[in-house]
Amino acid sequence: MSGGVDSAVAAARAVDAGHEVVGVHLALSRMPGTLRTGSRGCCTIEDSMDAQRAANVLGIPYYVWDFSERFKADVVDDFIAEYSAGRTPNPCMRCNERIKFAALLEKALALGFDAVATGHYASIVTDAAGNKELHRASAWAKDQSYVLGVLTAEQLEHAYFPLGDTPSKDLVRAEAARRGLSVAQKPDSHDICFISDGDTKGWLAERVGTATGDVVDRTGAVVGSHEGAHAFTVGQRRGLHLGTPAPDGRPRFVLEVRPKDNTVVVGPKEALAIGEIAGSRFTWAGEPPSDASTPFECEVQIRAHADPVPAVAVVTGGELVVTPQHPLDGVAPGQTAVVYVGTRVLGQCTIDRTVSAVPVDA
Amino acid sequence: MVYLDHAATTPMLPEAIEALTGALAVVGNPASIHSAGQQAKRLLEESREQVAATLGADGIEVVFTGSGTEAVNLAIKGLWWHRQADASRPRLLVPAGEHHATVDTVEWLAEHDGALVEEIPLDELGRIRLDALEAALTRDGASVALVTMLWANNEVGTIQPVEEVARLTARAGVPLHVDAIAAYGQLPIDVHGLRRSTGAAPGTGIVALSVSAHKIGGPAGIGALVLDRSAAVEPLIHGGGQQRKVRSGTQDVAAAASFAAAASVVAARLEADARRMSALRDRVISGALAEVPEARLSGDPDPDGRLPGNVHLSFTGCEGDSLLFLLDAAGVAVSTGSACQAGVPEPSHVLMAMGRSETDARGALRITIGHGSTEADVDAFLAALPGAYAQASRAGLAARATSFDR
């Protein structure tokens, strides 16, 4: 229970369903802030108190469990390492994968619980053979199956998403109000919870330092300088501050970040188009496809709020390789490609490499 | 439910409840001049004298506060500021492993007021290293504003050598504040006696001592600072000048009456209760160590060196919060020991100060016995412990590897 409205209502529904429910708030920082500032961040003392109040209203026990060390190692340090390596990580997925459905789930199972229920908008469906499948929530606009795409069959076996069939967030808020939960109108949290002011660039600069480096075009010609490659994301247009205009006068975008030589590669928008995505770190969300080494039709989604696009996927050479039907913009190594078949999440990979749809001399 | 967390708070005594409810109907502000005010004032001052009598002090020396924490703040900040008035005395000596009421207060003085906080180390039993304190007092004692210390540690129950510290500070001409919140009601406290036996000159040696009502069966919301006649503090709260201008604010007569009732009852049966509680404590210790050989007792193993009501055990390889959860589910309420903010557990700074590892500190459990505790409570705890330990061991440490590392 994060202290937000979704987990409070999820807990309430789990209680209504007849489960024996215990509220657990994860302490993810040793030095939590006192109050939320605006809608950003979470894990403040205010959030912990809100979670406890919700548990009180539901009449369930409530505990705070400390996962701050694991969170730092598995999520925060991983985030820094990924950026330092020129990739664009998704810390929420890492938290689901390593904290909520690993450290927390494993501790809970050992303490005698059967499952971890969260306020995620996603559905678990049991197939004819009794295997669990992960599906999109019925409310497409709130669907969070993307950030759960990292869950494995074993994790899904013990996951429970009571909000999966809710048509909209407004209904969840209304239900919270009806149930007398004080968080009914609490603002949603956004951005990255451990960067409380939302300034990811500044936060990273403090941790990995700044160093002046070159901004180059695709031919290798230096067209500007920057104060640290980690501050750039593939697809980024703003904040490049290039002195030399492009010969054709068109805006330039970050095409690649090379942390090893602290270089940022820029080029025209069409050069962002990616024709192939591949990653060796892939998992299946439940039963794997019967023969993944034969190319199969699917849809791929590369961001939490991106539209899925038709694609063909195959496992070859130890990698999950996904070829979208039409090239995709703004794909960066480190992002997660989640593969769907219909509403079902089939699996995912962390993107290691991309292949541009537009050759350099085009 | 079996309640074994009496160090957090202990049930109110019937006498205290009766005194409270009776006094709630008394009309009159004790600061008013009319007869109603005088009646209230009389009840208040009688209560003050009763509390004072349980602490070896005079009524006039007892300042009621809103909590034990406020008493500690008033003593430390009040003495500190007063001691800066006529000379620069920047050093503040404080043992490691103090309660947060002290730790955070001296930290604040260091940040905002230039206090040079010197931490006096503890030994592995949690006892202050007297040699280190003596060395710190000998080295330019005139620059020390005050010494503050716990009478007994609230987490691990180790009783401090208060008389020796009182003597050292008296000899060095430095005022001493003692936080007796955990010790009150379990150990005899005699402030005047201590001042006499340690040869304290006015304003030096033990001059201030903090206690809290709810730890002894009185109501929450009232504490007291014993402030020796010879000591002066700067007040924290200004206003109507109540309580010798040391602590302004309309006084809570009913809470004072209730506090006094609890104090009198507890003082009258202190010795017998301490004996009975010690026996229960020793049963918890020997029973727990027999049931779970991996457990380790923290603090002083000598029965005379630890609080009669305190048991503190470390279970290496377990999270204290797992144990607490499992015992709670089994109907036994205990504590992981240290203070926590909004329930966020932290490894105990007390155990760390005693030289223990963070892993050890994470698996800590504090079981505290109160005046009403029974053999049946101990039996219930000992019955629930082995199963809880076995299951918590399987849950392991949150800091340990998950399946992703294996």
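In this predicted model, A:G119 counts as buried, since 20 C-beta neighbours are found inside 10 Å and a residue qualifies as buried when 20 or more other C-beta atoms lie within that distance. The residue is placed in the loop between β3 (116-117) and β4 (122-126) of chain A. When residues up to four places away in sequence are not counted, A:G119 touches A:G4, A:D6, A:S7, A:V9, A:A10 and A:L163.

According to UniProt, in an unreviewed entry, the feature "binding site" is located at A:L26 and A:G119. These positions span 94 residues in sequence, yet no two of their C-alpha atoms are more than 13.8 Å apart, so they gather at one spot. A:L26 belongs to strand β1 (residues 23-27) of chain A and is buried, with 25 other C-beta atoms within 10 Å. Apart from its neighbours within four places in sequence, A:L26 is in contact with A:W65, A:F67, A:I99 and A:L104.

In chain B, three strands form an open sheet in the order β9-β10-β12, with antiparallel pairing. Strand β10 (residues 310-314) of chain B pairs with β12(B) in the antiparallel sense over five bridges, and B:N310 has B:T368 as its bridge partner in β12(B). Across β9, β10 and β12 of chain B lies helix α9 (residues 270-291) of the chain, which runs at about 15° to β10(B).

How values were computed
Residues numbered from 1 in each chain as written. Chains lettered and ligands numbered in written order. Predicted model: local features only at pLDDT ≥ 70, side-chain atom pairs only at ≥ 80, totals over all residues. UniProt positions renumbered as here; feature names shortened; annotations may be inferred. Helix = DSSP H or I, 4+ residues; strand = E, 2+ residues; numbered from the N terminus. Buried ≥ 20, exposed ≤ 12 C-beta atoms within 10 Å, placed from the backbone. Contact = placed C-beta atoms within 7 Å. Pairing = 2+ DSSP bridges. Axes fitted to C-alpha atoms, helices over the stretch in contact; angles between N-to-C directions.
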